[in-house]
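Biologist: Please take me through this model. I will ask what makes each label hold.

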Amino acid sequence: MKALPAVDHHAAEIQRHIEAAYGYSLDRLREYDQTHPIAAPTLTVLLTVLLTVHGNLALAEGAVEFHLERLRTFVEPGRQLGDVDTSHILDCAQRLAQAHAARKAHTAAATALLGPRLATTATPGTPRSASRTSSTRTR
């Protein structure tokens, strides 16, 4: 199995890759995904997964930013730390680590999905005709 490249993308970069692969804006792709659920199953499933992963990545990035900022307020210079602050700092650090792990996982998933398979995928509304084998089964 081919090793995936190191991932350190952000939701905005993943969004640009999705838009480049499909040739449409993310909003238009979401609209297409909701209005054409069975038009082209392979294309639609992949698009749905990409949109879901991208949305989850954006949420994880927001959580990373939130918990990082919260942690910074707890440990800013000159601030006196109380007994309760210690548990809040540890909780915040743990949540930051979890959000970062989620971000990394969603980025890896998006990177894998945006691999070479999308280079040959048709854009919504213009499905490419692929040569198909006969769907008749012989016994």
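Modeller: Start with a pair in helix H3 (residues 41–74): Arg72 and Glu69 are 3 residues apart, about one helical turn. This is a predicted model, where local features need pLDDT of at least 70, side-chain atom pairs count only at pLDDT 80 or more, and totals for chains, interfaces and linings use all residues. Residues are numbered from 1 along each chain as its sequence is written, and side-chain values use heavy atoms, without hydrogens and water.

Biologist: What makes Arg72 and Glu69 a salt bridge?

Modeller: The rule asks for a side-chain nitrogen of Lys or Arg within 4 Å of a carboxyl oxygen of Asp or Glu. For Arg72 and Glu69 the N to O distance is 4.0 Å, so the pair meets the rule. By this rule the count comes to 5 salt bridges.

Biologist: Why are Arg72 and Glu69 called partly exposed?

Modeller: Buried is under 20% relative accessible area, exposed is over 50%, and partly exposed lies in between (1.4 Å probe, protein chains only). Arg72 has 49%. Glu69 has 44%. Both therefore count as partly exposed.

Biologist: Which salt bridge does Arg95 form?

Modeller: Arg95 pairs with Asp91, and their closest N and O atoms are 3.0 Å apart. Both residues sit in helix H4 (residues 83–113), 4 residues apart, about one turn. Arg95 is partly exposed at 42%. Asp91 is partly exposed too, at 26%.

Biologist: How do you know whether Asp27 is buried or exposed?

Modeller: Its relative accessible area is 57%, so Asp27 is exposed. Its salt-bridge partner is Arg30, at 3.5 Å, N to O. Arg30 has 33% and is partly exposed. In general, side chains of opposite charge can pair when their charged atoms come close.

Biologist: What makes a stretch a helix here, and how many are there?

Modeller: Helices (H or I, at least four residues) and strands (E, at least two) are DSSP runs, numbered from the N terminus. The protein has 4 helices and 0 strands. The order from the N terminus is α-α-α-α.

Biologist: How do you know that the length of H4 agrees with its residue count?

Modeller: The expected span is 1.5 Å times one less than the number of residues. H4 has 31 residues, which should span 45 Å. The end C-alpha atoms are 46 Å apart, which agrees.

Biologist: What makes a group of residues a nonpolar core?

Modeller: The members are buried Ala, Val, Leu, Ile, Met, Phe, Trp, Tyr and Cys residues joined through side-chain atoms within 4.5 Å. The largest nonpolar core has 17 residues; Ile14, Ile18, Tyr22, Leu29, Leu47 and Leu50 have the most contacts inside it. Helices H1 (11–22), H2, H3 and H4 each give two or more residues to this core. H3 supplies the largest share, 6 residues. Apart from this core lies another, of 7 residues, among them Val64, Phe74, Ile89 and Leu96.

Biologist: Which residues does Ile18 contact beyond four places in sequence?

Modeller: Contact means heavy atoms within 4.5 Å. Ile18 reaches Leu26, Leu29, Leu50, His54 and Leu114. Across the protein, 69% of the contacts with a separation of 6 or more join residues 24 or more positions apart. Of the 139 residues, 29% count as buried.

Biologist: Where does pLDDT stay under 50?

Modeller: pLDDT is the predictor's confidence in each residue, from 0 to 100. Residues 1–8 stay under 50, and the model has 9 contacts for them beyond four places in sequence. Residues 117–139 are also below 50, with 27 contacts beyond near neighbours in sequence. The protein averages 75, and 71% of the residues score at least 70.
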